[in-house]
Amino acid sequence: MTDTRIFHGDILPSDIARNIIAHFNRGSFRVQQIGHDPKIAIQISTHQHARSGGQTALTISIHKLEDGVSVQVGRQAWLGVAASLGVTALSALRNPLSLLGRLNDLAQDIESLKLNEDIWMVIEKTVRQHGAGTELSDRFTRYACPYCHTANQAGESRCIACGAPLGDIQPQTCPHCGFVVSTLEQTCPNCRVRLAPR
Ligand SMILES: [Zn+2]
Ligand SMILES: [Zn+2]
């Protein structure tokens, strides 16, 4: 199970990474970052299961987008994370966390820890602090009328110059996950939330 959300605005992966590390790198958690902007992965594991031979881990992958970041929280094998960041398998193997392999044990542990929820809470707080969010930012709130090419503000139902209807071309986002959706879609293709009629 992975959950992907997109936040639009002036925010970098490292902004989110810093806050996640500050929040979780204490107590029974162990947190580790791989990579730098524009692509960062963070793995959070618990010590408590190490003794019984397993270890709990969640991976948070944060990628810079043209106007914001995409954040994915889920379970991913360490080597998979390394590969997606272009880290060689050899350097991943030098890392002690590369031995995490018992992914089957993880689901219940993670649920009982409510770790997932806490992670999203920290991420969303960071996003708000940077004035970013699931809505498209100002940079994308103007777009050209397809008929006369006059710039219009987002939200205009008709072109201010020629009066052409603009409803169908307006960029919109899912209020839950920030995915850019078309006016024809009734459910979000990313998170499956039902979208209000527009
Ligand atoms: Zn026009
Ligand atoms: Zn969505």
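Mentor: Helices (H or I, at least four residues) and strands (E, at least two) are DSSP runs, numbered from the N terminus. Note that this is a predicted model: local features need pLDDT of at least 70, side-chain atom pairs count only at pLDDT 80 or more, and totals for chains, interfaces and linings use all residues. Residues are numbered from 1 along each chain as its sequence is written, and chains are lettered from A and ligands numbered from 1 in the order in which they are written.

Trainee: How many helices and strands are in the chain?

Mentor: The chain has five helices and nine strands. From the N terminus on, they run β-α-β-β-β-β-α-α-α-α-β-β-β-β.

Trainee: What share of the residues is buried?

Mentor: Buried residues are 26% of the 198 in the chain. A residue is buried if 20 or more other C-beta atoms lie within 10 Å of its own, exposed if 12 or fewer, and partly exposed in between, with C-beta atoms placed from the backbone.

Trainee: Which residues have the most contacts inside the largest nonpolar core?

Mentor: Phe7, Ile16, Ile20, Ile42, Ile60, Ile62 and Val71, in a core of 26 residues. Such a core is a set of buried Ala, Val, Leu, Ile, Met, Phe, Trp, Tyr and Cys residues joined through C-beta atoms within 7 Å.

Trainee: Which elements supply at least two residues each?

Mentor: β1 (2-8), α1 (13-24), β3 (39-46), β4 (57-65), β5 (68-74) and α5 (115-129).

Trainee: What is Ile20 in contact with, beyond its neighbours within four places in sequence?

Mentor: Ile42, Ile60, Ile119 and Val122. Two residues are in contact if their C-beta atoms, placed from the backbone, lie within 7 Å.

Trainee: Which residues make the contact of α1 with α5?

Mentor: First, the crossing of α1 and α5 is right-handed, meaning that the near helix is turned clockwise from the far one by less than a right angle. Asp15, Ile16, Asn19, Ile20 and His23 of α1 meet Ile119, Val122, Ile123 and Thr126 of α5.

Trainee: New topic. Where is the cis peptide bond?

Mentor: Between Asp37 and Pro38, with omega about 5°. Pro38 sits in the loop between β2 (29-34) and β3.

Trainee: And Ser45, buried or exposed?

Mentor: Ser45 counts as buried because 22 C-beta neighbours lie inside 10 Å. Ser45 belongs to strand β3.

Trainee: What about His149?

Mentor: His149 is not a glycine, yet its phi is positive, about 65°. It lies in the loop between β6 (142-144) and β7 (151-153). His149 has 10 C-beta neighbours inside 10 Å, so it counts as exposed.
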